[in-house]
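Good morning, everyone. I have one structure to go through today, so please look at the sequence and the model on the screen while I talk.

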Amino acid sequence: GGFMFSAAIQGLTLVSNAGHPGEVVALVREILVAVTPRSDAPSRFLASLPLVSAEVLKGFMAAMAATHSEKEQRGLVKRLLMQAGGDSLKAFCSNHSGGRKVMVKGAA
């Protein structure tokens, strides 16, 4: 589960997936929902992303647990990845922000 989760997020950095970020975000959400109850691997991977503090991760996980709406959960995943992606997810971020640069609090 942990390998699939990290591979799905890393898939957002591939040019070949640029036209399908919604599907990749949905996959990340599905893996997160299915694997998190049995393993902390997704949380550990998310914590390793640039700009994901313990507080950010705790808030994200609480928000994911508080909603059972797939659409809302996909939105939470997308927002976390846009905030946390750093340079490696610039293409994903620009696709989801109308081409505008996404400013991340605390980014250099």
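Some ground rules. This is a predicted model, in which local features need pLDDT of at least 70 and side-chain atom pairs count only at pLDDT 80 or more, while totals for chains, interfaces and linings use all residues. Residues are numbered from 1 along each chain as its sequence is written, and side-chain values use heavy atoms, with hydrogens and water left out.

First, the layout. The protein has six helices and zero strands. Helices here are DSSP runs of H or I with at least four residues, strands are runs of E with at least two, and both are numbered from the N terminus. Read along the sequence, the pattern is α-α-α-α-α-α. Of the 108 residues in the protein, 36% are buried. Buried means under 20% relative accessible area, exposed means over 50%, and partly exposed is in between, with a 1.4 Å probe and protein chains only. A contact means heavy atoms within 4.5 Å. Among contacts with a separation of 6 or more, 57% are between residues 24 or more positions apart.

Now the helix pairs. How do helix 4 and helix 5 cross? Helix 4 covers residues 54–66, helix 5 covers residues 70–84, and their axes come within 10 Å and cross at roughly 165°. The axes are lines fitted to C-alpha atoms, for helices over the stretch in contact, and the angles run from 0 to 180 degrees between N-to-C directions. Helix 4 and helix 5 are therefore roughly antiparallel to each other. On the wording: under 35 degrees is roughly parallel, over 145 is roughly antiparallel, 65 to 115 is roughly perpendicular, and the rest is oblique. The crossing of helix 4 with helix 5 is left-handed. Left-handed means that the near helix is turned anticlockwise from the far one by less than a right angle, and right-handed means clockwise. Helix 4 brings V56, F60, A63 and M64 to this contact, and helix 5 brings Q73, L76, V77, L80 and Q83. By class, the contact of helix 4 with helix 5 has seven nonpolar, two polar and no charged residues. Nonpolar covers Ala, Val, Leu, Ile, Met, Phe, Trp, Tyr, Cys and Pro; charged covers Asp, Glu, Lys and Arg; the others, Gly among them, are polar.

Next, helix 3, residues 41–48, packs with helix 4 at an angle of about 140°, with the axes 10 Å apart. That makes helix 3 oblique to helix 4. Their crossing is right-handed. S43, L46 and A47 of helix 3 meet L57, F60 and M61 of helix 4. The classes in the contact of helix 3 with helix 4 are five nonpolar, one polar and no charged.

F60 has now come up in the contact with helix 5 and in the contact with helix 3. Is F60 buried or exposed? F60 is buried, at 6% relative accessible area. Setting aside neighbours within four places in sequence, F60 is in contact with L32, L46, L76, V77 and L80. F60 and L76 are 16 residues apart in sequence, and their C-alpha atoms are 7.2 Å apart in space.

From helix 5, take Q73. Q73 counts as buried, at 5% relative accessibility. Not counting residues up to four places away in sequence, Q73 touches R29, V33, M64, T67 and H68.

A salt bridge is a side-chain nitrogen of Lys or Arg within 4 Å of a carboxyl oxygen of Asp or Glu. Side chains of opposite charge can pair when their charged atoms come close. How many salt bridges are found in the whole structure? The search finds two. In one, E30 and R29 meet at 2.6 Å, N to O. E30 is partly exposed at 41%, whereas R29 is buried at 6%. In the other, R44 and D40 meet at 3.1 Å, N to O. R44 is exposed at 53%, and D40 is partly exposed at 46%.

Most residues other than glycine have a negative phi. L51 has a positive phi, near 70°. L51 is partly exposed, at 36% relative accessibility.

That is what I have.
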